[in-house]
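Thanks for coming, everyone. Please take a look at the structure on the screen before I start.

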Amino acid sequence: MHQHQSRAKMPSVFAYQSSEVDWCESNFQHSELVAEFYNTFSNVFFLIFGPLMMFLMHPYAQKRTWAVYGVSVLFMVIGLFSMYFHMTLSFVGQLLDEISILWLLASSYSVWMPRCYFPKFIKGSRYYFSCFVILTTVISTFLTFVKPTINAYALNSIAIHIVYIVHQEYKKTSNGDLRHLIEMSVILWAAALTSWISDRVLCSFWQRIHFFYLHSIWHVLISLTFPYGIVTMALVDAKYEMPGETLKVHYWPRDSWFIGLPYVEVQDNDKSC
């Protein structure tokens, strides 16, 4: 049985409309000010990896696009809004969390989607594609208020399209670095999604064995997926948009370590496609 404490105990400062979405972790178990302790503070990885990726991807940003900074800032904003949501379990917090994810996906589409996957009516123009994505995102932002409980499922469904694009690029390439990044991105995302779904669907089981951390694990895994996803998109994009340059993948803090954050070094060459 779901052992949540009543939200009536929420301090008066947070006494506004509650979200219909509640996660498996017991509410206000560790603090009267923080509804879901582990779900709240597991978002700290967003605030660590965001600035770190901005630093590591600086050479790429100089060569290709400064938008990588904007995407990283949106990633940190997601972490802050997710903290606020899980701390308060408020309806406003839920919407801020979900809308920030929507805009992160939209900005990534606008910057890195290969032109060969643009809709035919766009005719290969990244400017018009970006306008189309922004318009769609604005409409979707308003739709998030219609049925908030399905927003998270809709956002995760967008990942199916991203997986399709990644699968197509995986089949095309013989680049070992890119194939490894794609494999790791998919594994991390699949593990994260499994944690998210398990928390929603099997909560009574996790409650019985006193393991309430599946959504926290989602936060950690999806924050790790971000660096791999960013570098994967950069490598795919470089094949189409930076034909005269080579992107060499490195891992922070050391290439030799078993686990590290990927980033790219831009190397000039004289080859043309």
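I'll go through the annotated segments, the disulfide, the cores and the salt bridges.

First, the ground rules: this is a predicted model, with local features needing pLDDT of at least 70 and side-chain atom pairs counting only at pLDDT 80 or more, while totals for chains, interfaces and linings use all residues. Residues are numbered from 1 along each chain as its sequence is written, and side-chain values use heavy atoms, with hydrogens and water left out.

Start with the annotation. An unreviewed UniProt entry lists "transmembrane region" for residues 37-56, 68-87, 99-118, 127-144, 178-197 and 217-236. Those positions are in the numbering used here, feature names are shortened, and annotations may be inferred rather than shown by experiment. In the model, residues 68-87 are 100% helix, with end C-alpha atoms 29 Å apart. Residues 178-197 are also 100% helix, and their end C-alpha atoms are 28 Å apart. Helices (H or I, at least four residues) and strands (E, at least two) are DSSP runs, numbered from the N terminus.

Now the disulfide, meaning a pair of cysteine sulfur atoms within 2.5 Å. The count is 1. Cysteine 24 pairs with cysteine 203, sulfurs 2.2 Å apart. Cysteine 24 sits in the segment before α1 (37-41) and cysteine 203 in helix α9, so the link ties together parts 179 residues apart in sequence. Buried means under 20% relative accessible area, exposed over 50%, partly exposed in between (1.4 Å probe, protein chains only). Cysteine 24 is buried at 1%, and cysteine 203 is buried at 8%.

Next, the cores. A nonpolar core is a set of buried Ala, Val, Leu, Ile, Met, Phe, Trp, Tyr and Cys residues joined through side-chain atoms within 4.5 Å. The largest has 51 residues, and Met57, Tyr60, Leu247 and Val264 have the most contacts inside it. Helix α10 (residues 214-241) gives the most, with 11 residues. A second, separate core has 9 residues, including Met113 and Phe129.

Last, salt bridges: a side-chain nitrogen of Lys or Arg within 4 Å of a carboxyl oxygen of Asp or Glu. The structure holds 6. One joins lysine 63 and glutamate 245 at 3.4 Å, N to O. Lysine 63 is in helix α3 and glutamate 245 in strand β1, so this pair ties together parts 182 residues apart in sequence. Another joins glutamate 241 and arginine 126. Arg115, Arg126 and Glu241 are linked in a network of salt bridges.
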